[in-house]
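Me: Please take a close look at the pocket in this model and at one residue of interest. I would like a connected account of what lines the one and what surrounds the other.

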Amino acid sequence: MYDGIMAETISLAGHGGDQIEAYLARPLGPGPFGSVVVIHHMPGYDPQTKEITRTFAANGYTAVCPNLYTREAPGASPDDAAATVRAAGGVPDERLVGDVGAAAAFLRAMPNSNGKVGVIGYCSGGRQSFLAACSLPLDAAVDCYGAFIVGTPPEGMPLKVGPIVNLAPNLSCPLLGLFGEEDQYPSPEQVAELDKALEAAGKPHEFHSYPGAGHAFFAVNRPAYRPEAANDGWQKIWDFYGRYLASAS
């Protein structure tokens with residue numbers, strides 16, 4: 001027994017058959033393993049998101065992070081790619097669902113897969129994680145402070161997306177939500193509205209909100225990082241995925 005992992009850049013056939021870049025990290029062992037699609041935050045497909053992807057592999061999950069900005073900015077730095085996509089109003093919802101669906105199919109087809117796939121996203125990726133879980137057959141979803149599931153971006157913000165809380169009745173799997181009480185997008189009131197919609201739809205979910213934490217409290221390279229909240233959040237993720245992804249189909 002050993003705890004090695006392998007990580008590499010691959011190419012996936014995403015939405016519409018487009019070839020997109022992705023980062024794959026997997027445990028080196030016979031499995032079977034549960035799998036996770038990691039949806040990167042608005043700042044892009046950056047080293048920190050790749051580190052998160054490797055963290056899943058180190059904890060026994062095959063993980064893949066599709067580069068959602070491949071089409072707009074192939075080969076660009078994360079900062080430049082994010083600026084290009086911001087100027088375009090963000091990633092279209094339909095394309096996001098297609099890319100995540102392709103990543104999930106890739107993971108299920110791996111020979112050491114147990115057939116179960118979850119999704120996790122941070123910031124804009126939190127909204128996209130919810131969107132994917134309402135649009136695709138998945139086994140577990142994690143929303144880390146996803147903005148604009150409820151509400152719309154304020155005037156002047158480049159992101160051009162609409163609320164998707166109306167999709168709550170379509171949620172295909174249990175949802176874990178991790179939020180900061182000091183966040184504005186989503187605000188505690190918006191989190192409460194999403195909670196209410198999921199309750200009304202009879203969808204299994206658990207939400208945790210952290211005092212003293214705002215947006216991006218998982219981001220170790222940013223001033224918003226809150227170690228206590230992030231460490232507890234990671235434990236919540238391991239417990240959640242352990243219930244819904246770790247066992248064989």
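Reply: Helix α1 gives six residues to the lining of the largest pocket, the largest share of that lining. The model is a predicted one. Helix α1 covers residues 47-58, and α6, residues 227-244, also supplies at least two residues of the lining. In total, 20 residues line the largest pocket. Nearest its centre lie Gln48, Ile52, Phe218, Ala219 and Val220. By class, the lining holds 13 nonpolar residues, five polar ones and two charged ones. The space in this pocket comes to about 340 Å³.

The other part of the account concerns Tyr23. This residue belongs to strand β2, which runs over residues 19-27. Tyr23 counts as buried because its relative accessibility is 8%, and the cut-off for buried is under 20%. With neighbours within four places in sequence set aside, the contacts of Tyr23 include Ala7, Glu8 and Thr9, as well as Tyr45 and Lys50. Thr53 and Arg54 are also in contact with Tyr23, as are Ala63, Val64 and Cys65.

Two of these partners can be described further. Between the side chains of Tyr23 and Arg54 there is a polar contact at 2.7 Å. For Thr53, which is 30 residues from Tyr23 along the chain, the separation of the two C-alpha atoms is 7.8 Å.

How values were computed: Residues numbered from 1 in each chain as written. Predicted model: local features only at pLDDT ≥ 70, side-chain atom pairs only at ≥ 80, totals over all residues. Heavy atoms only, no water. Helix = DSSP H or I, 4+ residues; strand = E, 2+ residues; numbered from the N terminus. Buried < 20%, exposed > 50% of the residue type's maximum accessible area, 1.4 Å probe, protein only. Contact = heavy atoms within 4.5 Å. Polar contact = N/O pair within 3.5 Å; in protein donor to acceptor, adjacent residues only side chain to side chain. 1 Å grid on protein atoms, 1.4 Å probe; cavity = no way out; pocket = protein on both sides within 12 Å on 5 of 7 lines; lining within 4 Å. Points joined across faces, edges and corners; volume = space filled by probe spheres on them. Nonpolar A, V, L, I, M, F, W, Y, C, P; charged D, E, K, R; others polar.
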